[in-house]
Amino acid sequence: MYKLLMSVNKEILLLKRDLGGLIILFVMPLILVITITLIQDSTFKTATETKIPVLVVDNDKGEISKTVSENLGESGSFSIVSQLDGKPLDETTAKEKVFDGKYQMAIIIPANLSAGLKAKVEENVNSILEGFTATDSIIAKQVVTKNTAPKEVRLYFDPASQSAFKNAVKSTIDKMISQIETKSIYNAFKEQMGEESTAAFNQESYISFKEIVPMFKDKEMVPNSTQHNVPAWTLFAMFFIVVPLSINIVKEKNQGTQVRLRTNPVSYLTVIAGKTVTYLIICMLQFFLMLAVGIYLFPHIGLPPLVLNGAFFLMSVVALFSGFAAVGFGILLGTFAKTQEQSAPFGATSVVILAAVGGVWVPVFAMPKIMQYVAKASPMNWGLEAFYDVLLRNSTLAGILPHIALLFLFFVAMVAISIVYDEKKRAV
């Protein structure tokens, strides 16, 4: 135990000599988590609170174009632009403005759309009623078939628009058109049946959707940007200790410190244990600092606070084992690297790759199939899933056991490989 404590003390003294690097380990993750959360939260507010100007070219001048314009305007997400410089819009002008990136989208409503829809509905209704009574059959035959060729509402999008935005707009417009068609069918049937038109047609859907979220003490646990970002960037920060840890190991080898240590009755395992304890403490301090920022600072800068819902202990367990994995990776890199020029850039690059593959930047479900399989091999993904299980899925210790077991086995494997490689290198 005494040798281990002295080894820990040695690592602390080494860290004190590089206070700048130590500060970066704590300041960098704070800047990252605050910046990324602010950006994501701001993006969400922009998508839900800011009105997007939409060019509308109304060639129909009928009920459908009126309903589309009114519904888009009342949605709270769009503002209708039908004139530019005091002149009515045409399709050519709208297309140019959108493709130049000056507007996000344009809607071109074709001529005679309302009249064509009404004629098509009447034709279909008459065809249906024709089979019921002879009178209806005579009425149907007296109706002159009109030109009811299908019409298309053309949508122009800024080439830089994201697919999610395009799909959302198309879904909204498609829903509005479907409601108009349904109302027209009701009206046509009532007219043919000799009843009054359904002026008070209810456009509310009979079938609705309700999101059921997890409950904690009779309160809904609604996930927010903070609960996604704090665990993700905490993991990123913890794994970034790979850089200073590997550099210190390389320094000891190049400066002869490791040789002097081996001349003493101290095993390499004790030296590694000292590094493990020291850097685990740093990882846990990073974790507690990130939690404090999420809980106490975020509400003061307009971000949703981090709500743990009684998961502090399990979150700490996940952080501890994630720290083990990070330390193990740093020890392996420091053991294999021969110079600081090798360990520093490779360490930083490998952490960024592990973060990208592990789902810190892009959700795993949004990745291609092959990358989803690769993500399962990333220790960052194990840690991130364990954090999400505890914080968002209300999991228990038994539920996260597979993830933390993988993290600890990763640490054991990294240390074992480092010890075997070091012994072989000295035996040569």
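Ring pairs link Phe 287, Phe 288, Phe 312 and Phe 387 into a cluster; rings of Phe, Tyr and Trp (its six-membered ring) pair if their centres lie within 6.5 Å. Welcome to this predicted model, in which local features need pLDDT of at least 70, side-chain atom pairs count only at pLDDT 80 or more, and totals for chains, interfaces and linings use all residues. Residues are numbered from 1 along each chain as its sequence is written, and side-chain values use heavy atoms, with hydrogens and water left out.

**The protein as a whole**

- The secondary structure comes to 16 helices and eight strands, where helices (H or I, at least four residues) and strands (E, at least two) are DSSP runs numbered from the N terminus.
- Of the 428 residues in the protein, 43% are buried; buried means under 20% relative accessible area, exposed over 50%, and partly exposed in between (1.4 Å probe, protein chains only).
- The protein exposes about 23,800 Å², and carbon and sulfur atoms supply 62% of this area, with accessible areas taken from the Shrake-Rupley method with a 1.4 Å probe.
- Among contacts with a separation of 6 or more, 80% are between residues 24 or more positions apart; contact means heavy atoms within 4.5 Å.

**Aromatic pairs**

- The structure holds 13 aromatic pairs.
- One of them joins Phe 287 and Phe 387, which are stacked at 6.2 Å centre to centre with 20 degrees between the planes; planes under 30 degrees apart count as stacked, over 60 as edge-to-face and the rest as tilted.
- This pair links distant parts of the chain, with Phe 287 in helix H11 (residues 268-297) and Phe 387 in helix H15, 100 residues apart.
- Both Phe 287 and Phe 387 are buried.
- Phe 321 and Phe 324 form a tilted pair, 6.0 Å centre to centre and with 50 degrees between the planes.
- Phe 321 and Phe 324 both lie in helix H12 (residues 312-336), three residues apart, or about one turn of the helix.
- Phe 324 counts as buried because its relative accessible area is 16%.

**Helix H8 and its partners**

- The axes of helix H8 (residues 225-239) and helix H15 (residues 379-391) come within 10 Å and cross at roughly 145 degrees; axes are lines fitted to C-alpha atoms, for helices over the stretch in contact, and angles run from 0 to 180 degrees between N-to-C directions.
- On the H8 side, the contact with H15 includes Leu 235, Phe 236 and Phe 239, while the H15 residues include Leu 384, Phe 387 and Tyr 388.
- By class, the contact of H8 with H15 has 11 nonpolar, three polar and no charged residues (Ala, Val, Leu, Ile, Met, Phe, Trp, Tyr, Cys and Pro count as nonpolar, Asp, Glu, Lys and Arg as charged, and the others, Gly among them, as polar).
- H8 also packs with H12, at an angle of about 35 degrees and with the axes 9 Å apart.
- Leu 235, Met 238 and Phe 239 of H8 meet Ala 319, Ser 322, Gly 323, Ala 325 and Ala 326 of H12 in this contact.
- The contact of H8 with H12 divides into six nonpolar, two polar and no charged residues.

**Two partly exposed residues**

- Ile 12 lies in helix H1 (residues 2-16) and counts as partly exposed because its relative accessibility is 35%.
- Ile 12 and Gly 274 are 262 residues apart in sequence and 9.6 Å apart in space, C-alpha to C-alpha.
- Gln 340 lies in helix H13 (residues 340-358) and is partly exposed, with a relative accessible area of 32%.
- Not counting residues up to four places away in sequence, Gln 340 touches Ile 247, Val 250, Lys 251 and Pro 345.
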